[in-house]
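Colleague: I am new to this structure. Please take a close look at the aromatic rings.

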Amino acid sequence: MPAEVGYNQQVGTARPAALPDASAAAFGAGIGAAIADAGETVHQAKIQAYRADRRLAADQAWGDFATRFADTRSQLDRARADARVNAQPGGAGHTEQMEKAFDAATANLADTLTEDDQRARAREMIASYRQQVTDDAYTWQLGEGVKKSVADIGSLSDKGSARLYTSGDPASYVQETKMLRDSIDGLTNVPVDVRDRLFREGSEKLAVAYGNHLIDTNPKLASAAIDAGVFNDVLDGQQLDRLHNGARAQIHAQEAQARAQAATDKAAARDELEAQAVTLDAGGGTYQDRLNQAQRYEQMGDRSKAAQWHAKAQQFITRQAVIDWDLPQLDRRISTLQGKQNGGGLSGEEANELAALQDERASTAKRLNQDGGALLQWQYANRRPVVPLNPADPASMQQRARDATIAAQRYGRASIEPILPNELPAFKDLMANGPNGKLQVLDQIRGFGNAQAIAGAARQVAGDDGAFRVAALLPRDVARDVIRGNDTLKAHPQVWNTARATADFAKWYGNALGWVGGSYRNDIMDAAKSFYSQRASDGGVQQYDPGRFAQAIETVMGRSSDGRGGVARTSQGIVIVPSSMKPDQLLQTFARATPQDYGKAAGGRYPVWTDGKGLTEREFKGLLPTMVADGVYGFRGRNGQLIHDNKGDAYTVPIAKLPHR
């Protein structure tokens, strides 16, 4: 603050008093001087007040600065803490970051001071504290850099150790050790004693990792390396002992493991052979697979098992050779070998052949006895599956019918069964859904096209539903009413009389239908009853009507609108007509066929009387043709019984094999 200059009174020796003179003061000027002195006093008071106010303002500004400077230091402390928590690796850039934070925080800190000397002092204080902050930041950054360098070297030795432990070799061990030394020597800010410690600790890690790798992979080599002093410059005695003990323990463990592995391998090999045997005994694999089984058992010293598998290999060849044989063929060869066995014994090869044939016959019979058995056996013999069944694809259905027909002919099956066992459940599930489900199945199996295939499929899916078996070959409107009739009868029971209908059926058609094998007679009765019930109910009939029932019987026996099927009436009695023929066509075929035609159709067999005498052509033409199976006819004499052939069986002829003239 600039010094103020006020009034200074002069003090000295007083002069002698002057006499009054005629002056301005004498005439009032003194009053002016007195007024002037009073004004000076007021001025000095104002100056003193101004000076006090200025000092007070300066002190207040300084106090405010000091408070804000303290807040700024606290702010910088927090900034320093945050910066160090989120610092870059090694503290990189920390000093510059703190300098920038300091400058930003103190940029205008001293500007509120009004006095020059206070501003100068404040700036000196700020500059001094800035240096402290910078020195602290630099020291911390330097320490973090050293810590990062030490950590990096530790990571380097860890990675080198991992490499040596997993895939180490002598060259890799030398490389990693040299890399560690060169990397540590390149550190400029790390003290020498720290660098030496880093190399010592890192080289120990490398040596231990390499030693453990050798112990795991080749413990004998590890033991030799330790004995040769490879690690003496790096590891101390205790560390060497631990490695040596580890190597010896691993050597003993490997020897024990080798013994255990040998036993395990033998057991595993036996388990593998037994597992393979399951597949081979089920018919899988090849001849060579079975021979391999025999050879492996020989290698294991099990001669008994080896002999068994040599026999199975021979039997497999036999089974493959006869895979397409039917039962009569198998039976003939089995009979031949059994005869030789009873006569003088079989060779080893023949004994294997007989065993194979007997197994093949059993499996063939098992397949043939299933639903769709002929088709199942046919695809087995052909070593390929049949075309998948798809009711939505007419081509697949027709191809299946052709395959099933060939299979039935090949294996002597009277019925064509086009549905395989694994396909039946889907059809039977639909059959369980009442009339609508049955109609759906009916439409599907009619996709086979072939009447015999349709009839066979109906027998497969119908279960105990005889009416459905009959409906399968009838026109759809007739079949629909056959399927619906039983449910309709429950609502209209008055149209039916069980006792009368049963008696009428037996009287009219009992003899003709009684010779047909299986459940055909009952199936016709069930179908006729159901069809009659539906049509009678639709017609408003209120009681049993024999005429309608008779018509129903002939309708379900296959009489179509064009006259095919049904029955033919002769002087000897009723003849059932197949659905593919008209009555007069059937009777003409029987009448016009010559003895030679019958002989050919019957496979060389001819009819005889009970005394064994053959029938003349005239005698034979006087017999009543009687259906005994679908499209197959026997012949009855006046006694109502079927005549026999020259081999003692009922004489039968398939109508399809007689010429239609």
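Which residues form one aromatic cluster? Please go on from there to the pairs around Trp496.

Modeller: This is a predicted model, in which local features need pLDDT of at least 70 and side-chain atom pairs count only at pLDDT 80 or more, while totals for chains, interfaces and linings use all residues. Residues are numbered from 1 along each chain as its sequence is written, and side-chain values use heavy atoms, with hydrogens and water left out.

One aromatic cluster is formed by Phe590, Tyr598, Phe620, Tyr633, Phe635 and Tyr651. Rings of Phe, Tyr and Trp (its six-membered ring) pair if their centres lie within 6.5 Å; planes under 30 degrees apart count as stacked, over 60 as edge-to-face and the rest as tilted. There are 18 aromatic pairs in the structure. One of them joins Trp496 and Tyr532, which are tilted, with 50° between the planes and 5.8 Å centre to centre. This pair links distant parts of the chain, 36 residues apart: Trp496 is in the loop between helix H18 (476-491) and helix H19 (498-514), and Tyr532 is in helix H20 (residues 520-538). Helices are DSSP runs of H or I, at least four residues, numbered from the N terminus. Trp496 and Tyr532 are buried, meaning under 20% relative accessible area (1.4 Å probe, protein chains only).

Trp496 also pairs edge-to-face with Phe549, at 5.3 Å centre to centre and 80° between the planes. Here too distant parts of the chain are linked, since Phe549 belongs to helix H21 (residues 546-556), 53 residues apart from Trp496. Phe549 is buried, as is Trp496.

Note on methods. Helix = DSSP H or I, 4+ residues; strand = E, 2+ residues; numbered from the N terminus. Buried < 20%, exposed > 50% of the residue type's maximum accessible area, 1.4 Å probe, protein only.
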